[in-house]
Amino acid sequence: MKLLIFHIGADRYGLRLRDVVRVLPLLELKHLPLAPDAVAGLMDFHGRSVPVIDLCRASGMASGADHFDTRIIVVDYHAPEGTDHLLGLRAERVLGVQEVAEAQLANSGVLAAPFLGQVASDAAGMLQLVELEQLLPASLRAMLFQT
C-alpha cells in the first residue's frame, strides 16, 4: 500500500494515499476564536471553507515549528456517522510517498490514542499509520462539520 509519510514531532507516521486529495504548501489560515487547541484554522480550498487540524496539537504536543517541508494535507475524511468532508491536516516535515507491504504492518500493542493504527519497521525506524476515521472526537466533528 502507498503511504504519505510525515512527522509528528520526532516520529514518522503515514496516511493511506487513497485518502489524500492534495498536499499543499503551508498556507495562511483564518484563525477561529474559541476553537479547540487542535484546530489550526480554516483554509480556502477552491472556494470551500476547509477546517485544518494541527496534527502535533491533536497528539497532545505543542504545535511544531514551521519547516520548509511543513505542509497541509487535504484528505477525504469519512466520519463514523457516514458523512464525508474535506479536512486539512497540518503536518510537519512531509517526506513523500512510500510503499509499505501489508505483511510489514503489525498491531502496536498499545492503545495510546484511538487514531494511531498499525506499525511497520524499516531502515529509517518505526512508522505508524494514522487512522483518519478515528482522528476527530465526536464533539470536534460536531463543531467542524455542521449540517
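## Overall fold

From the N terminus on, the elements of the chain follow the order β-β-β-β-β-α-β-β-β-β-α. In total, the chain holds 2 helices and 9 strands. Its radius of gyration is 15 Å, close to the 15 Å that the globule rule gives for 147 residues, so the chain is as compact as a globular protein of that length. The model described here is a predicted one.

Along its principal axes, the C-alpha trace spans about 40 × 35 × 25 Å. The accessible surface of the chain amounts to about 7,900 Å², and carbon and sulfur atoms account for 54% of this area. Of the 147 residues, 44% count as buried. Among contacts between residues at least 6 apart in sequence, 57% join residues at least 24 apart.

## Annotated domain

An unreviewed UniProt entry carries the annotation "domain: CheW-like", which covers residues 1–141. Over residues 1–141, the chain is 6% helix and 50% strand.

In soluble globular proteins, nonpolar side chains tend to be buried together. The largest nonpolar core of this chain has 28 residues, and those with the most contacts inside it are Phe 6, Leu 15, Ile 53, Ile 73, Leu 87, Leu 89 and Leu 136. At least two residues of this core come from each of E1, strand E2 (11–16), H1, E6, E7 and H2. Strand E7 provides the largest share, 4 residues. Apart from this core lies another, of 9 residues, among them Leu 24, Ala 40, Met 43 and Val 52.

With its neighbours within four places in sequence left aside, Ile 73 is in contact with residues including Leu 4, Phe 6, Leu 15, Val 20, Leu 87 and Leu 89. Arg 22, Gly 88, Ala 91 and Val 94 are also among the contacts of Ile 73.

A search of the whole structure finds 9 salt bridges. One of them joins Lys 2 and Glu 99, whose closest N and O atoms are 3.5 Å apart. Lys 2 lies in strand E1 (residues 2–8) and Glu 99 in strand E7 (residues 84–99), so this pair ties together parts that are 97 residues apart in sequence. Lys 2 is partly exposed, with a relative accessible area of 48%, and Glu 99 is likewise partly exposed, at 49%.

Arg 141 forms a salt bridge with Glu 81, with the closest N and O atoms 2.6 Å apart. Because Arg 141 lies in helix H2 (residues 138–144) and Glu 81 in the loop between strand E6 (71–78) and E7, the pair ties together parts that are 60 residues apart in sequence. Arg 141 counts as buried, at 11% relative accessibility, whereas Glu 81 is exposed, with a relative accessible area of 53%.

## A salt-bridge network

The side chains of Asp 37 and Arg 57 also meet in a salt bridge, at 3.7 Å from N to O. Asp 37 lies in the loop between strand E3 (20–25) and strand E4 (39–45), while Arg 57 belongs to helix H1 (residues 55–58), so the pair ties together parts that are 20 residues apart in sequence. Asp 37 is exposed, with a relative accessible area of 54%, and Arg 57 is partly exposed, at 23% relative accessibility.

Both residues belong to a network of salt bridges that links Asp 37, Asp 54, Arg 57, Asp 66 and Arg 90.

Definitions and conventions: Residues are numbered from 1 along each chain as its sequence is written. This is a predicted model: local features need pLDDT of at least 70, side-chain atom pairs count only at pLDDT 80 or more; totals for chains, interfaces and linings use all residues. Side-chain values use heavy atoms; hydrogens and water are left out. UniProt positions are given in the numbering used here, feature names are shortened, and annotations may be inferred rather than shown by experiment. A salt bridge is a side-chain nitrogen of Lys or Arg within 4 Å of a carboxyl oxygen of Asp or Glu. Buried means under 20% relative accessible area, exposed over 50%, partly exposed in between (1.4 Å probe, protein chains only). The radius of gyration is taken over C-alpha atoms; the globule rule is 2.2 Å times the number of residues to the power 0.38. Contact means heavy atoms within 4.5 Å. Accessible areas come from the Shrake-Rupley method with a 1.4 Å probe; for residues, only the protein chains shown count as cover. A nonpolar core is a set of buried Ala, Val, Leu, Ile, Met, Phe, Trp, Tyr and Cys residues joined through side-chain atoms within 4.5 Å.
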